[in-house]
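Here are a few notes to go with the structure you're about to look at. Keep it open beside you as you read through the points.

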Amino acid sequence: MRSLSRLALTAALTASLLAAPGTGPAHAAGPAHAAGPALTGLTLGGVHNAYEKAAYPYLVDALDAGNRMIEIDLWTFFGQWTVSHSNPFWSDNNCERGASAGQLRDSARNQQFPHCLDNIRAWHEANPGHEPLIVKLEMKDGFHDNRGRGPDELDAVLLERLGGALITPADLMGGHATPDEAARAGAWPTDPKGGILVYVIRGTAENDSLPTEVEYARHLRDHPADAQVFPVPRGSYGAAADPRQAYEESLRPWFVVFDGSATGFAALPAERRAFYAPYLTAVTGAHEVAPALHATSPSPEQALARTRELGCLGATVVSSDWRAVPGWQGPHDRTGC
């Protein structure tokens, strides 16, 4: 998602690019929308590991189910974009080869990450003006720039597949010096419909002297106009008042998305949660907050109430395994909390 000034300047180019195969879609694909709450004034629900076939037969099914966040696990060690929960050797997922709405749900699954993005693009183009979509990437074994799978290559594949639909750090920054300065100034987009925001977290199988969030934050710091993704610091909603203090000073203002447990977030004193108010905050394991709900199948009313509860505490993204539960994902406007 480009700023309004850039959208105005590039509208003609975007229209021509859409006619070419393999180019990303434009964000402004549908009718204009009146400005509403900023992205961080909404609460969006979504599903953990939505790419797994046990979750949905096809990735597009996760999007059609109303999820506003989908999580994808990505392996890079062998110089591939492998999408799988626990197997770095080959992809095991519900992504298919279809790159247009008419090609979905009728081709082989277990595809590489670019095909997952093609599926998202096809859904985006078939649903102009859709509610904002968050894509959470867990870099299972981190980046491997020496194998052609570093931050710049991730940017390239995202830009090629999703293009102007992306809400990027540069979109947030506008004329501000850093994402942190922009976030604290309230510069998050107020018309995120049709937009897709991607953030990356450190993976559970990562054993790297240069962790995912450090490597991407350095890339973002050094190439703010080109970076397509938001990095996430470790330790969100934990003991540290500001988890960014664990990182080198020059990186701290480049972290504005946080991700951690819903129980940790809900347990914070109000003054501690207030620190996170300007930022995009994602919480995981929503069912675990007391009183605990069923991990996969609470009633729709329970799921909705829990999502609203966490939203009123300040959560932007609420993640769960409520794959078959309808109607809880929002977006929910938090102005009435």
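Predicted model: local features only at pLDDT ≥ 70, side-chain atom pairs only at ≥ 80, totals over all residues.

1. Trp90 sits in the loop between β3 (82-83) and α3 (113-126). Tryptophan 90 counts as exposed because its relative accessible area is 56%, and the cut-off for exposed is over 50%.

2. Now go inside. The largest nonpolar core has 81 residues, and Phe113, Ile120, Leu154 and Trp188 are those with the most contacts within it. Take Phe113: setting aside neighbours within four places in sequence, its contacts include Ile72, Trp81, Leu137 and Leu158. Another core lies apart from the largest one; it has five residues, among them Val214, Tyr247, Leu251 and Phe255.

3. Have a look at helix α7 (residues 212-222) as well. Eight of its 11 residues are buried, so the helix is mostly covered. Val214, Tyr216 and Leu220 are among the buried ones. What do they pack against? The buried residues of α7 pack against β4 (133-139), α4 (151-162), α5 (169-173), β5 (196-202) and β6 (230-231).

4. Finally, zoom out. The protein chain has 10 helices and 10 strands, and 55% of its 337 residues count as buried. Its accessible surface comes to about 13,100 Å², with 55% of that belonging to carbon and sulfur atoms.

Note on methods:
Residues numbered from 1 in each chain as written. Heavy atoms only, no water. Core = buried A, V, L, I, M, F, W, Y, C linked by side-chain atoms within 4.5 Å. Buried < 20%, exposed > 50% of the residue type's maximum accessible area, 1.4 Å probe, protein only. Contact = heavy atoms within 4.5 Å. Helix = DSSP H or I, 4+ residues; strand = E, 2+ residues; numbered from the N terminus. Areas by Shrake-Rupley, 256 points an atom, 1.4 Å probe, with all protein chains shown as cover.
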